[in-house]
Amino acid sequence: MKKIGLFVLILTVLLACATNERSPANTCAGFSPCILKNDILILSDGDQAAGWQDAALTARAAFYQYFGKDAAPVAIVPGGQIDETATQALRAAGYRLHLPWLTDADKQALQIGSIRQQIRSQTKDLPPAQQNALIAQALQQAGLLEDRPDPDKTKTQTAEELGALTHELGHLWFIEAFEKEDFAGPVPAKRYGGWAPDWLDETAAILLENDQLTLARRTQFESLMKTDLYALSTFLTMEHPSLQATAALEQRFGTQSDDGGSRAIVLTGKEAEEFQQLSAGGDPLLFYLQVRAFTDFILATTSDEQIFAGLTSFLQQGRSFEDWVADRPEFMSFSDLQCQWDRWVASKLTRQIP
């Protein structure tokens, strides 16, 4: 039997759709079913929708805690796609931000469909029975033992899914709260999120992750060695490792669905491998772990929960990170920041260089 190498990647292309008007969002915008609380609209109901809403409300409170601004109204739309009609209705109701969300069951169904399509395309000359056998093998390799979504995943969410949800909300809320139109200097052409440096954009998202995902990142970081880390001068200026890959993906598939809405994309096999290879700027996982660690370091050193709000406003004035460091009594210079970071890292890492 021909062995099919399989690599599965789930990638969500998320767009912060916006209009110039800022109208209050206090209705379901004519959608049914829906649940709505404190500007968090879920275009679904039931236990799963309630779980998303609870997670989003917790993240909303965290956004105010760390950035001192109310999070913008947001609509979370299950199914991974928002068509243009829905987009316009949501905008009219005051929901400038829309998050097309894939549930665990959605991801599983899309993985199954993508794997089936990929293998049939690769084995056009084989009889259907052999194709089906290869499909069954590939599904087993991917941990999808049956050619259908697990019905239990339509009812509950994992902590990982809920942490990913609040992470993406953090991106949307941060970009909305600190708009590029308010930036005093020239906006950099290449950014993974908004105008802010990519590490700071990721900081806003990571600050909103739940306790389970936060603990997992800290535990993974502590298993690294110092030589694994990006140099701080590189880390604070680098582009997101997935920036090039995401740009290539958007060019290939488009950032919108066929009807002008927004959508999530699932990649498998060769396409997923190509996406990973295009992350030429470095290791995305390492980047996220270092963002989590640097965030913890800055919070612990300054004892200021809203330190990143102040830094973002400082950068919006067109000033540099080095200027900000020089103004901080905790650091006074970049070299002092580097020394303190090195000591903090050494106290956290459990592995040593042989």
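This is a predicted model: local features need pLDDT of at least 70, side-chain atom pairs count only at pLDDT 80 or more; totals for chains, interfaces and linings use all residues.
A residue counts as buried here when its relative accessible area is under 20%, as exposed when that value is over 50%, and as partly exposed in between (1.4 Å probe, protein chains only). Residues are numbered from 1 along each chain as its sequence is written, and side-chain values use heavy atoms, with hydrogens and water left out.

Now for the overall picture. The chain has 14 helices and seven strands; these are DSSP runs numbered from the N terminus, with helices being H or I runs of at least four residues and strands being E runs of at least two. Of its 354 residues, 49% count as buried. The chain exposes about 16,800 Å², and carbon and sulfur atoms supply 49% of that area (worked out by the Shrake-Rupley method with a 1.4 Å probe; for residues, only the protein chains shown count as cover).

Setting aside residues up to four places away in sequence, Ser44 touches Pro33, Cys34, Ile35, Ala49, Trp52 and Pro78. Two of these names come with a story of their own. Pro33 lies in the loop between β1 (8–12) and β2 (35–37), and a cis peptide bond, with omega about 5 degrees, joins Ser32 to Pro33. Cys34, for its part, forms a disulfide with Cys28, with the sulfurs 1.8 Å apart.

A disulfide is a covalent bond between the sulfur atoms of two cysteines. The model calls one whenever a pair of cysteine sulfur atoms is within 2.5 Å, and by this rule the count comes to one. The link of Cys28 and Cys34 is right-handed, with 80 degrees about the S-S bond. Cys34 is buried at 19% relative accessible area, while Cys28 is partly exposed at 21%. Another cysteine, Cys339, is partly exposed as well, at 41%.

Next come the strands, which count as paired if DSSP finds at least two bridges between them. β3 and β4 pair in the parallel sense over three bridges, with Leu41 standing opposite Ala75 in β4. The chain goes from β3 through α1 to β4, and this β-α-β crossover is left-handed. (A crossover is right-handed if, with the strands pointing away from the viewer, the path from the first strand over the helix to the second runs clockwise.) Four of the five residues of β4 (residues 74–78) are buried, so β4 is largely enclosed by the rest of the structure. β4 also pairs with β6 (residues 97–101), in the parallel sense and over five bridges. Here Val74 has Leu97 as its bridge partner, and Pro78 has Trp101.

In a regular strand the side chains alternate between the two faces of the sheet. For β6, both faces are covered: Leu97, Leu99 and Trp101 on one side and His98 and Pro100 on the other are all buried. Helix α6 (residues 198–206) is mostly covered too, with nine of its nine residues buried.

What about the nonpolar cores? Such a core is a set of buried Ala, Val, Leu, Ile, Met, Phe, Trp, Tyr and Cys residues joined through side-chain atoms within 4.5 Å. The largest has 68 residues, and those with the most contacts inside it are Phe67, Trp173, Trp199, Phe294 and Phe308. Apart from it lies another core of 11 residues, including Leu41, Val77, Ile82 and Tyr95. Beyond its neighbours within four places in sequence, Trp173 is in contact with a list of residues that includes Ile40, Phe63, Val74, Leu97 and Leu208.

Finally, a few loops deserve a look. Leu224, in the loop between α7 (211–222) and α8 (232–235), counts as buried at 14% relative accessibility. Leu224 and Leu286 are 62 residues apart in sequence and 9.2 Å apart in space, C-alpha to C-alpha. Ser303, in the loop between α11 (284–302) and α12 (307–316), has a positive phi of about 55 degrees although it is not a glycine; Ser303 is exposed, at 68%.

Notes:
Contact means heavy atoms within 4.5 Å.
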